[in-house]
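Subject: Structure for you to look at

Hello,

Here is the structure I said I would pass on. My notes on it follow below.

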Amino acid sequence: MNKGFKISVLVIIIIMFLSILGCQKAQPPKDYLQESKADFDARMQWWKEARFGMFIHWGLYAIPAGTYNGEQIGGLGEWIQNSASIPAQEYEKYAPQFNPIKYDANEWVRMAKEAGMKYIVITSKHHDGFCLWDSKLTEWDVMDATPFKRDILKELKQACDAQDIKLCFYHSIMDWHHPDAQAPFYPEFNNTKKTNPNFPKYVENYMKPQLKELVDNYGKLGIMWFDGEWIGDYTSPMGKDVYNYVRNLQPDIIVNNRVDKGRQGMKGQNKEGDFAGDYGTPEQEIPDTGLPGVEWESCMTMNDTWGFKSFDHNWKSTEILVRNLIDIASKGGNYLLNIGPKADGTFPEASIQRLAEIGEWMNVYGESIYGTMASPVEKPEWGRYTQKEGKLYAHVFEWPKSRKLVVPVKSNVSKVYELSTPETALNFKVSGDECVINLPRKAFNKIASVIVVEY
């Protein structure tokens, strides 16, 4: 075989290879809005099993911690730039002060895991536009604008992978810092009637490339959790496009309904119409009844704010938090419970205490939460129900003075016991469609005892 022939063959092979690459690149993006129910259910399965996650709101707003120019500012901690009408140039002065040397990603994840949480959603970028990773599209990030010089999200991803927790990112569509977004709206950053003709350019040249960075830099993620979709310049077609863009980057990722324009305020569920998003997002509230056939997740705070405020001491009790979790699971939803870390990188002590106490309950009773389905019957006065195949879990908040618990049944009951002592059967009698259970004098748990009815 002569040299010229070898070169010709090589050229042909190279041309064929480049042609194949060209064909691959020419493939149009997949329309994930046409996903089958089977594929949707398979993608959502881990999330439905999890039932309980940690929300983390952390950024420059932890430095003022609710106070500006010596005045305590009302409203949410992470909204202080808007609430106090702080000019961007003034707000930027917080960046050189952000040096959270006590940040320990492994400790954060350990506390979430021991509380019984299965996933973490952290603010990659909130409305102030500040990024917790080293974005190549801006210097308004933790690596370029602060003395900390550490990739917060990278360290958290490594800790999550090591402890089998799924990492997810909150990402704000609204941006009070970028000139093509809401920055020119000062002093009313959240004015929904103003418009910026450059907003489509912001979406294409900034927001979408940043989303690609988050997926490319940190590998497999659980959820891309959008917010800030209510602004006037963001449209439903944009939302559908962003949904498909993210799903094409990572097909298995879950995307909340705030990627589009369908959400009905704080209720979080979509109004009638054709909107993108995999699940509803009730905020600071729990739907009164279950929502059959609809996936949803209530995001709620431990006190009154998402981002840290030094003077917000209105902490919910552990009892309320655990019972919220039970209530949400009984209606087929997920509970995303928020932590607002301090500027030094630590969790507030009140949050740490409540996480530990929630974990004590979940360590015993987690079976009645993870992977459960909505209650098949109406909620009783004394508590809530969850269910799995062959098991009904009666979460008893108020111990009956009669020491008798009446549970509706439609199948043969084989065994009844309290989940903390499964080896000890409780006496019961079935009459018609009711199972009457004899209870001991004292409740097994002061927050919620769980009586298991096997059938």
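H8 covers residues 199-218 and H9 covers residues 236-249; the angle between them is about 25° and their axes are 10 Å apart. Axes here are lines fitted to C-alpha atoms, for helices over the stretch in contact, and angles run from 0 to 180 degrees between N-to-C directions. Helices (H or I, at least four residues) and strands (E, at least two) are DSSP runs, numbered from the N terminus.

Please keep in mind that this is a predicted model, in which local features need pLDDT of at least 70 and side-chain atom pairs count only at pLDDT 80 or more, while totals for chains, interfaces and linings use all residues. Residues are numbered from 1 along each chain as its sequence is written, and side-chain values use heavy atoms, with hydrogens and water left out.

On the H8 side, the residues that meet H9 include Phe199, Val203, Met207 and Leu211; on the H9 side they include Met238, Val242 and Tyr245. Contact means heavy atoms within 4.5 Å. By class, this contact has twelve nonpolar, no polar and four charged residues. Ala, Val, Leu, Ile, Met, Phe, Trp, Tyr, Cys and Pro count as nonpolar, Asp, Glu, Lys and Arg as charged, and the others, Gly among them, as polar.

The largest nonpolar core has 99 residues, and Ile120, Leu156, Met224 and Trp361 have the most contacts inside it. Such a core is a set of buried Ala, Val, Leu, Ile, Met, Phe, Trp, Tyr and Cys residues joined through side-chain atoms within 4.5 Å. Buried means under 20% relative accessible area, exposed over 50%, and partly exposed in between (1.4 Å probe, protein chains only). H8 supplies the largest share of this core, nine residues.

Now the backbone. Most residues other than glycine have a negative phi, and most peptide bonds are trans. Tyr186 and Pro187 are joined by a cis peptide bond, with omega about 5°. Pro187 sits in the loop between strand E5 (166-172) and H8. Asp164 has a positive phi, near 60°, and lies in the loop between helix H7 (152-162) and E5. Asp164 counts as exposed because its relative accessibility is 66%. Arg403 also has a phi near 60°, but is partly exposed, at 33%.

Regards
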